[in-house]
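Please look over the sequence and the model shown here before reading on.

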Amino acid sequence: MKKSFAVFGLGRFGGTIVKEFHNMGIEVIAIDKDEVKVNEYLNYATQTFCANAIDEKTLIQLGIRNVDHAFVSFGRDIESSILITLLLKEIGVKKVWAKAQNEYHSKALKKIGVDKVIHPERDVAKRIARHIVSDKMIDFIELSKDYSIVEIVVKKKLIYKSLGELNVRAKFGCTIVGIQRQGMFIVSPTAEEVINKEDVLIIIGHNSDIARFEEGV
């Protein structure tokens, strides 16, 4: 069963989320107070509403309590962001993610129980920095302050070696949870799996352990 989503705020960030869901064939409700922005996304969202969403009755009437996941993405209107996030949690939306403008905004969102705080600019900056200092890392996902999942291009010294030979967990403390190989994805590869020339390793672990792995192989 497909999940349903709602996006509050159709600025650059929220609008991009709506378009991506549309491209993936996923149901999404798009809501904004600006009628011009709402009309811009008529062809991308399953439903669009021009509404003052800081109202519990309006949220219930729009069927928002039935969505699986809501995104709150406003420009500089921090007050609206906090109030809508609080209302979404109160009416029982399963997961609420909210975009934060700064650390104070982030702290307030966490206090009212948001499931995830999004820092678009900070996260993009981290990705760029990671890519610049590493000639092997393709991408990374920050799981917490200390843990990440990264995609790392295989180095020459790893080619034709089995995961058992490398013994990454014992030597570096991180774990290879998947391998991307010529359009395929190998989930939870076994110790007998042999690394090929153009493989991309999916590794999870503490950031310091991942860094040691990058330096040591």
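**Aromatic rings and their surroundings**

In this predicted model, one aromatic cluster is formed by Phe-5, Phe-21, Phe-71 and Trp-97. Rings of Phe, Tyr and Trp (its six-membered ring) are taken as a pair if their centres lie within 6.5 Å, with planes under 30 degrees apart counting as stacked, over 60 as edge-to-face and the rest as tilted. Because the model is predicted, local features need pLDDT of at least 70 and side-chain atom pairs count only at pLDDT 80 or more, whereas totals for chains, interfaces and linings use all residues. Residues are numbered from 1 along each chain as its sequence is written, and side-chain values use heavy atoms, with hydrogens and water left out.

**Pairs and charges over rings**

- Across the whole structure, a search finds 6 aromatic pairs; one of them joins Tyr-41 and Tyr-44 in a tilted arrangement, at 6.0 Å centre to centre and 55 degrees between the planes.
- Tyr-41 counts as buried because its relative accessibility is 5%, whereas Tyr-44, at 30%, counts as partly exposed (buried means under 20% relative accessible area, exposed over 50% and partly exposed in between, with a 1.4 Å probe and protein chains only).
- The ring of Tyr-44 also has the charged end of Lys-19 sitting over it, 5.2 Å from the ring centre, where such a placement requires NZ of Lys or CZ of Arg within 6 Å of the ring centre and within 35 degrees of the ring normal.
- Trp-97, a member of the aromatic cluster, has the charged end of Lys-116 over its ring, 5.7 Å from the centre.

**A buried serine**

- Ser-106 is placed in helix α5, residues 103-111 (helices, H or I, of at least four residues and strands, E, of at least two are DSSP runs, numbered from the N terminus).
- With a relative accessible area of 1%, Ser-106 is buried, and, leaving aside residues up to four places away in sequence, Ser-106 touches Ala-100, Val-117 and His-119 (contact means heavy atoms within 4.5 Å).

**Strand β7**

- Ile-141 lies in strand β7, which covers residues 137-142, and counts as partly exposed because its relative accessibility is 46%.

**The chain as a whole**

- The protein chain has 9 helices and 11 strands, and its C-alpha trace spans about 60 × 35 × 30 Å along the principal axes.
- Of its 217 residues, 41% count as buried.
- Among contacts with a separation of 6 or more, 51% are between residues 24 or more positions apart.
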